[in-house]
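Subject: Structure handover

Hi,

Here is the structure I promised to pass on to you.

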Amino acid sequence: MEMDKGEKKVQKNVTTIGVVGTSNITEKFISVVKECPLLGLKAVYSRSMEKAERFAAKHGIEKCFDNLETMAEDSELDAVYIASPNFMHHRQSILFLQHGKHVLCEKSAAVNYREIWEMVDTAHRNQVVFLEAMRSSYDPGFRVVRENLNKLGKIRMVKFSNGRYSSKYDGFLEGKPQNIFSPECAAGALLDMGVYCVHSLIELFGMPDQVQASCVKLSNGIDGAGTFLALYPEMLAEVSYSKISNGRMESEIQGEKGTMFISEIMSPRKAVIEYVHGGVEELVIPPCENNMCYEAEYFARAIQEHTDVTAHQQVSLDSTRLMDEVRRQQNLIFPVESPHG
């Protein structure tokens, strides 16, 4: 009997979670959930029950759904991770939040500011946790970057870059439909790759006073690459991102006393400061193969410890507002945003 009681006690400290979507990013998230003692993988949703069942068998998932309403009503489910195409995030998140489920929504969590505001507001009204799965925000590497900014003196220039040739681009060029290059899915380079740079910029320096933006559009009108300048009172930030070319991925923050070079803004595993008057300092960052583990653990702890997550939500709100302005200047409007979308 004592062992049974102990087992029940352990179960109370596990947040049961379901996943919406069966893509590669869901597979990566599941791999960290299985290593997180605070989370218990319980369910999967797919529009196809056959696909959901195959996915569940592969990963040892107990429950399968092809109806979101039914999944949201499941009393055994505490939370969901949403990894569907961007244009579905708002509707799906609202549904689960209204049913009292905690939501971790893959970036970009919303298409525009109106959507993200409604998602955050619904979470507050239903007293549940809503977070954007912005992996860099919860990474200790990013914390190391933030905590060492004071060593750079007055910061004057920032260059954040995130460019990688998409494995889906060849198919797009062959005329095959690809969600990540689809205006109907509210996808493209900014909301997939640039969003990491935007979030980092907002977290470290807040909202800029002005923005100047441009992009490279593909044949269907989606952005394949883009750039923008963010103007602050005493600082200039340059952000570049791409899904149709490879970049070095290194970012830098230039101050009057030194410059910090960051290996990769979406997953900072190495950061070095080169001081103006000589000397190099390599900052200590713990190794990690899949930094989604940090967002998963933070999400679980926020639920179990009733953590105030409004600071993270504000970054999502401000980041989406900034991307709205960038897209406005790029004349990039998604069908879902039109009156008939």
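First, the ground rules. This is a predicted model, in which local features need pLDDT of at least 70 and side-chain atom pairs count only at pLDDT 80 or more, while totals for chains, interfaces and linings use all residues. Residues are numbered from 1 along each chain as its sequence is written, and side-chain values use heavy atoms, with hydrogens and water left out.

On confidence, pLDDT is the predictor's confidence in each residue, from 0 to 100. The chain has a mean of 94, with 96% of its residues at 70 or more.

Next, the cysteines. Searching the whole structure turns up zero disulfides (pairs of cysteine sulfur atoms within 2.5 Å). The closest cysteine sulfur to that of Cys 288 belongs to Cys 293, and at 3.8 Å it is too far for a bond. For Cys 185, the closest cysteine sulfur is in Cys 105, 14 Å away and also too far for a bond.

Now the helices, which are DSSP runs (H or I, at least four residues) numbered from the N terminus. Axes are lines fitted to C-alpha atoms over the stretch in contact, and angles run from 0 to 180 degrees between N-to-C directions.

Helix 2 (residues 24–33) packs on helix 3 (residues 49–59) at about 30°, with the axes 12 Å apart. The two are therefore roughly parallel (angles under 35 degrees; over 145 is roughly antiparallel, 65 to 115 roughly perpendicular, the rest oblique). Thr 26, Glu 27 and Ile 30 of helix 2 meet Phe 55, Lys 58 and His 59 of helix 3.

Helix 9 (residues 189–205) and helix 11 (residues 310–330) pack at about 125°, with axes 9 Å apart, which makes helix 9 oblique to helix 11. Among the contact residues are Leu 190 and Val 195 of helix 9, and Leu 322 and Val 326 of helix 11.

Where does Val 326 sit, buried or exposed? Val 326 is buried, at 0% relative accessibility. Beyond four places in sequence, Val 326 touches Leu 190, Val 211, Ala 213, Phe 228 and Tyr 241.

Happy exploring!

Terms used: Contact = heavy atoms within 4.5 Å. Buried < 20%, exposed > 50% of the residue type's maximum accessible area, 1.4 Å probe, protein only.
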